[in-house]
Amino acid sequence: AAQMQKRTLFALLAVLAAACSPAAGAARPTPDPASSAGRGGQLFSGTGRCASCHALTAGTIIVGPPLAGVASRAGTRVPGMPAEIYLEETILHPNDFLVPGFEMAQMDSTLAKSLTTTDVADLVAFMQTLQ
């Protein structure tokens, strides 16, 4: 029964994510590669290993939650916590703020040790473009 509830929750989350995200095929703005968001996008897809677990398409689950629309949701996840702080905390302390339906210890908690302060700021800037 618990497994069925979990599948139902995943399905519901996928539907909600699709309903709240831009239409399929909608162009996502490409940040200037020299900007913080641009560097964060490069890090997300490259050495940061983020893209190996997080999709940028609503409803697509690789391992972790999809990040389509994360900029819009981040400021509502923890009452009183601004979006940029929530995003930073989810990178640095991934098990502190779990997205419903995603179990603890899925994200590499040592990742924060390999990222510089600038890397984290750039990743946050990139995620804030994901409306």
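Trainee: Over which residues does pLDDT stay under 50?

Mentor: In this predicted model, pLDDT stays under 50 over residues 2-27, and for that stretch the model has 14 contacts beyond four places in sequence. Helix α1, residues 2-20, has the lowest confidence in the protein with a mean of 38, whereas α6 has the highest, at 97. For the protein, the mean pLDDT is 80, and 77% of the residues reach 70 or more.

Trainee: Why is D122 called buried?

Mentor: The relative accessibility of D122 is 5%, and buried means under 20%, so D122 counts as buried. This residue lies in helix α6 and, leaving out residues up to four places away in sequence, D122 touches S36, A37, R39 and G40.

Trainee: Which helices do the buried residues of α6 pack against?

Mentor: They pack against α2 (36-45), α3 (70-77) and α4 (83-92); the buried residues of α6 include V120, L123 and F126 besides D122.

Trainee: What makes T90 buried or exposed?

Mentor: T90, found in helix α4, has a relative accessible area of 15%, and because the cut-off for buried is under 20%, T90 is buried. Leaving out residues up to four places away in sequence, T90 touches F97 and M107.

Trainee: How do you know that the side chain of T90 makes a polar contact with the backbone oxygen of L87?

Mentor: A polar atom of the T90 side chain lies 2.8 Å from the backbone oxygen of L87, and the cut-off is within 3.5 Å, so the pair meets the distance limit for a polar contact.

Notes:
Residues are numbered from 1 along each chain as its sequence is written. Side-chain values use heavy atoms; hydrogens and water are left out. Buried means under 20% relative accessible area, exposed over 50%, partly exposed in between (1.4 Å probe, protein chains only). Helices (H or I, at least four residues) and strands (E, at least two) are DSSP runs, numbered from the N terminus. Contact means heavy atoms within 4.5 Å. pLDDT is the predictor's confidence in each residue, from 0 to 100. A polar contact is a pair of N or O atoms within 3.5 Å; within protein, one must be able to donate a hydrogen and the other to accept it, and residues adjacent in sequence count only if both atoms are side-chain atoms.
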